[in-house]
Amino acid sequence: MTRLPIRMTVNAENVELLAEPRSHLADLLRGELLLTGTHTGCEHGVCGACTVELDGAPARSCITHAGACDGATVRTIEGFEGDAVMAALREAFTAEHALQCGYCTPGMLVMARDIVLRLPDADEARVREELSGNLCRCTGYRGIVAAVMRVLDRRRGLAGPAASRAA
Amino acid sequence: MKPAPFTYSRPADWGAAVALLQSGARPVAGGQSIGPMLNLRVVQPDAVADLRHLPGFGGVALSGGLCRIGAGTTHAAIEDDAVPGRLGEILAGVARRIAYRPVRNRGTIGGSLAHADPAADWVAVLPAFRGSAVALGPGGERRIALADFVMGLMETALRPDEVLRAIELPTLPAETRWGHWKFCRKPGEFSKATACVLAVPGEVPRAVLAALDEAPLVISDASALLAAPEAEAARIANAVPGLSPWRAALARTALKRAAAMVLETA
Amino acid sequence: MSREGVGASILRKEDVRFLHGRGRYVGDIRPAGMLEVAFLRSPVAHARLIGVGKPEGAEGRVFTIADLEGVGAIRAASALPGFRASGQSVLASGKLRHVGEAIAACVAPSRAAAEDLAAACALDYEELPAIADMLSAREPGAALIHDHWPDNAFLETSREEDLSGLDGIAAAKVTRRLRTARQCMVPMEGRGVLAEWDPRLEQLVVTTSTQQPHVIRTGLSETLGLDEGSIRVVAPDVGGGFGYKAILLPEEIVCAHLAIRLGRPVRWIEDRLEHLTASANCREHHYVVTAWADREGRLLGVELDATVDSGAYSSYPFSACLESAQVGSIFPGPYTLPRFRYRTVSACTNKPPILPYRGVARTGVCYAMETTLDALARELGMTPAAIRLANLVPPEAMPYRNLVGKVFDSGDYPEALRRAVAHFDLERLAQRQAEGECVGFGLATFCEQGAHGTSVYHGWGIPFVPGYEQAMARFSPDGVLEIRTGLHSHGQGMETTLAQVAHEILGVPVARVRVVHGDTALTPYSTGTWGSRGAVMGGGAVAEACRLLGERALAIGAFLLQAEPGQVELSGGAVRRRDGGATVTLDEIARTWYRRPQNLPRDVDTSGLEVTGGYRPDPDTGTHSYACHAVIARIDQDTGEVVLEDYVVVEDGGKLLNPMIVDGQVLGGIAQGIGTALYEEMPFDAAGQPLAGTLADYLVPGATEVPGIRIDHMETPSPWTRFGQKGLGESGAIGPPAAIVNAINDALHRFGAEVFDLPASPERVLAALEEARRGR
């Protein structure tokens, strides 16, 4: 089996590895780089458990095959230390009991962070729509939605006065 | 499951891409449709050609009333207003409801169209526009009318050695009315019926009924549908062969509701 | 109440690791030299297996049943009279009995390469007529799935009662024919197993995604012929259970055997396709219910004919009869049913075995009973609330023994119903209905027997009977309290709630309590986490272990305080003199015991600060939590789509150990129940082929499909448990199909339509409406 040389930046570190073209990013992260926080729940791109940040935006690592990763920048759940939005989400996820078995949680957090940053004005209905590609079988989603809303609300609260000061 | 083995190459220019297709390689853009199929071993190509790094594969350009959307433009870019004007507004609304954002971040308009899944959004919507698909083959470029592009279940007018390079759509006046409705039980589910109606001022309105498990049905004059949505939607849907009663009801509803959206903005 | 003891909604201790991606699931573990397994699986539902051709050169890496010397079949028998046991060969032997049945194990350094091997195998078989439906399974001339059986049934049960007089006296009689769909449980993590032989301890170590490590150890011992001391089962973090992980898998046994045989770690991770199309399913029931009521809506009697599609094999340990045999005994629900006749059948079909899914048979039974009640109410012109109030067991009758001998411990069932109804503006709803809107209101009341033990299970004769639950409690030398339980926590938050229980007894801060679980080498025996038993059994056992440990600490503390034991007490994590004098902390007592024994009295209890406590509620017939679910559903008459506008649950789980966690259990259960009601269905074609291979085809509710849900708690303590707590982990998944379909039918019957089968998909709802339109 011919293996491809793959160069990536993963969690701000340069990595080089040899991969079968048929292997997917989730398996490379988990198996080769031992970043097991990224989980696979379906390998069909449906459940969202494997969601990572790929070239700055959330993507399904289970249907991103090795070749497409050459030259890519990847951030996994292990790569958000020091990120204020992720820290706020983690705190909110605990406070709102937004996780039970924890399996969907890393993908859910990566998606939640994207929602918070991309859609600062999102209401609950929009948050639910944006989360709809990440399945959770334990919580019934109420805690997850509430956690994202909590972080959005707090940021809006902070942004309000700051914006008016700027004006 | 993991895919069957394949080789991977990343053509640096369009000529190389066409050459790879000539040698039998399977073209891949965002990989969001073929990715799961590879993982399920439903498709087992020997070779994959990754088009994502071709020059000008993504991106939008306007010239002379024509908007050229690079085949590699992602759904997310279109959702985020990469296409200007009324046309962009309409396309952004369609893009936002494709699958999920992480899929939209990778999936491309050209990849989706060329994949030709009858339930896919661009397959359902683009035939409504008087535009064309720009195909590049060994003999150079040719244009295929969007209404004729998808010919059946995963079957297009592209020749095996042709690559889809861009979509060209006429820009639209601000007064253009648009209706688009699809039936998904949950976001991201494959549509069970999609309809859209495009009413450009001064032109005959057009409509498409899609997600019928085969090629989309293009209604090149939708005036009757806009005049009598209920009856005409039923007539069109009932004429589609092989639909179960429920799917026929969905098709009817899709047409009726898409028409209503146009009429509401009248 | 302490701020972090029993009853406090403290945040979960286990969250931190999951939030940082540091959970450790079986698929995350990769020992050096590991081999991966892919299974060659049956492409057909029923066939005689003629042979497997191994790929040339790979003969030593592909294993069929012929290669597995000494490995026994899985036998999950029941002692119920008439039960027919199905030996389940761990790899197919002689016959193929469902699509996806494992035929050969293919071993390679990577999963992809193992799949290449499986794809290269040649399979020779002779197809037989498939039994794809439970009702056709017993038709005359049906093909036999187990050749030596007289027909395709694992078990029949029945209860006789003369109902012949009811037609003459009843004001209403209805008959309903109802179905619940075959479902997949879809935990986000599938099953998975890693087996290794540890030559140092001469022990097989099986790391597996299970809810019951100790039971799996027993099952592995029985099938592999190893004594249990030679087997250690580790359940690491488990990504959701719901009953799917309470089964001994053929794949576990095969991997264990191969690890010993090959001298290498061997792993199999179930993928989603296998989960959906090859592994155990759940829920598929068929009911014919006839009910009689008087003018006031009081039930006079019920006749029930229930069939459960149990699939091809009896799965270990719960057997093929757990569902069907329970159907009869739980059907009366929370009502004072005076007469009852039933017949239940566990049908054997060419489908994967079924397992008890969250709610077990209750979800189907509740669906059948509650929709039938609403049909009676419509017949009598009563409201759904009124007919239930006429039949619910009244609070003054508690504890109440019903006609099949179930004993309800405590509660006010009618109050739960009244509270639920009070959340809605039903006048406004009636107005909308009068205006022609297709919208309806639905109720479901039910109770959930949980934490039932020996007295209930011994009669079943399944491979284990739950008995006494133990927990271990010990102080480390620095005063950290270690709790060890044989239960497993896979989302239920036991690392927090059991620490709260320990804190309640000993006063050690929750942050200083460590709950160890999921390893047969580290924990006392337990039958595991299932049957809504964790809070009752684990809570009781941990409390008892801590009480015993407290006595030991108290004796040492008294000596250190130079007091008689009677002069001191344990509170706030310290032993203190009752006269308000000196105190000594538990930390100090632990330090003294372990590191300063010179300071101990000569007559100190030499067993030290490590105890095992046991627990069994008395009586152990189980707690009965109960709930009322109430919902407003709106129907799109063009598409048949159902939208849930509002959803209220009134729940009584007795004393709640941690209300936040209880709410999480209820909400998660409801989401699954909404799946059962509206979305989830694994269809099979007439040849027994499963038709949904991805989560794009098998629809699981997402954030947009679950409405905002309001929960209202009542807290009637159980008189029989340590803190008054009741089991309710499954409750949320029981009520939704009944409540939602009742709401749908409340809307539809105004148009002359009614739905009977689950899920109430748009296709079924629209078909019902169309049929009514045609009929008019």
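Mentor: Before any counting, a word on terms: contact here means heavy atoms within 4.5 Å. Bear in mind, too, that this is a predicted model.

Trainee: Okay, how many residues of chain A are in contact with chain C?

Mentor: On the chain A side there are 42 residues in contact, and they meet 53 residues of chain C. Between them, chain A and chain C bury about 3,800 Å², with 59% of that on carbon and sulfur atoms.

Trainee: And which three residues supply more of the area that chain A buries there than any other three?

Mentor: Those are His97(A), Arg137(A) and Arg142(A), which together supply 22% of the area that chain A buries against chain C.

Trainee: What about salt bridges across the interface of chain A and chain C, how many does the rule find?

Mentor: The rule finds three salt bridges across that interface. One is formed by Arg30(A) with Asp28(C), where the closest N and O atoms are 2.8 Å apart. As for polar contacts, 22 residue pairs are found between chain A and chain C, with both residues at pLDDT 80 or more.

Trainee: Which elements of chain A give two or more residues to that side?

Mentor: They are helix 1 (25-32), helix 3 (84-95), helix 4 (105-118) and helix 5 (124-131) of chain A. Helix 3 of chain A gives the most to the side that touches chain C, with four residues. By class, the residues on this side of chain A divide into 17 nonpolar, 15 polar and ten charged.

Trainee: Switching to chain B, how many of its residues are in contact with chain C?

Mentor: For chain B, 20 residues are in contact with 26 residues of chain C. The area that chain B and chain C bury between them is about 1,900 Å², and 56% of it lies on carbon and sulfur atoms. Arg185(B), Lys186(B) and Trp246(B) supply 37% of the area that chain B buries against chain C, which is more than any other three residues supply.

Trainee: How many salt bridges does the rule find across the interface of chain B and chain C?

Mentor: There are six salt bridges by that rule, and in one of them the side chains of Arg257(B) and Asp638(C) meet at 2.9 Å, N to O. The rule also finds twelve residue pairs in polar contact between chain B and chain C, both residues being at pLDDT 80 or more.

Trainee: Which helix gives the most to the side of chain B that touches chain C?

Mentor: That is helix 11 (residues 245-264) of chain B, with seven residues. The side of chain B that touches chain C divides into ten nonpolar, two polar and eight charged residues.

Trainee: What area is buried between domain 2 and domain 3 of chain C?

Mentor: About 630 Å² is buried between these two domains, and carbon and sulfur atoms give 67% of it. In domain 2 of chain C, the residues that lose the most area to domain 3 are Val99(C), Leu276(C) and Thr277(C), together 60% of what that side buries. Between domain 2 and domain 3 of chain C the count is zero salt bridges, with one residue pair in polar contact, both at pLDDT 80 or more.

Key:
Residues numbered from 1 in each chain as written. Chains lettered and ligands numbered in written order. Predicted model: local features only at pLDDT ≥ 70, side-chain atom pairs only at ≥ 80, totals over all residues. Heavy atoms only, no water. Buried area = accessible area lost by both parts, 1.4 Å probe. Salt bridge = Lys/Arg side-chain N within 4 Å of Asp/Glu carboxyl O. Polar contact = N/O pair within 3.5 Å; in protein donor to acceptor, adjacent residues only side chain to side chain. Nonpolar A, V, L, I, M, F, W, Y, C, P; charged D, E, K, R; others polar.
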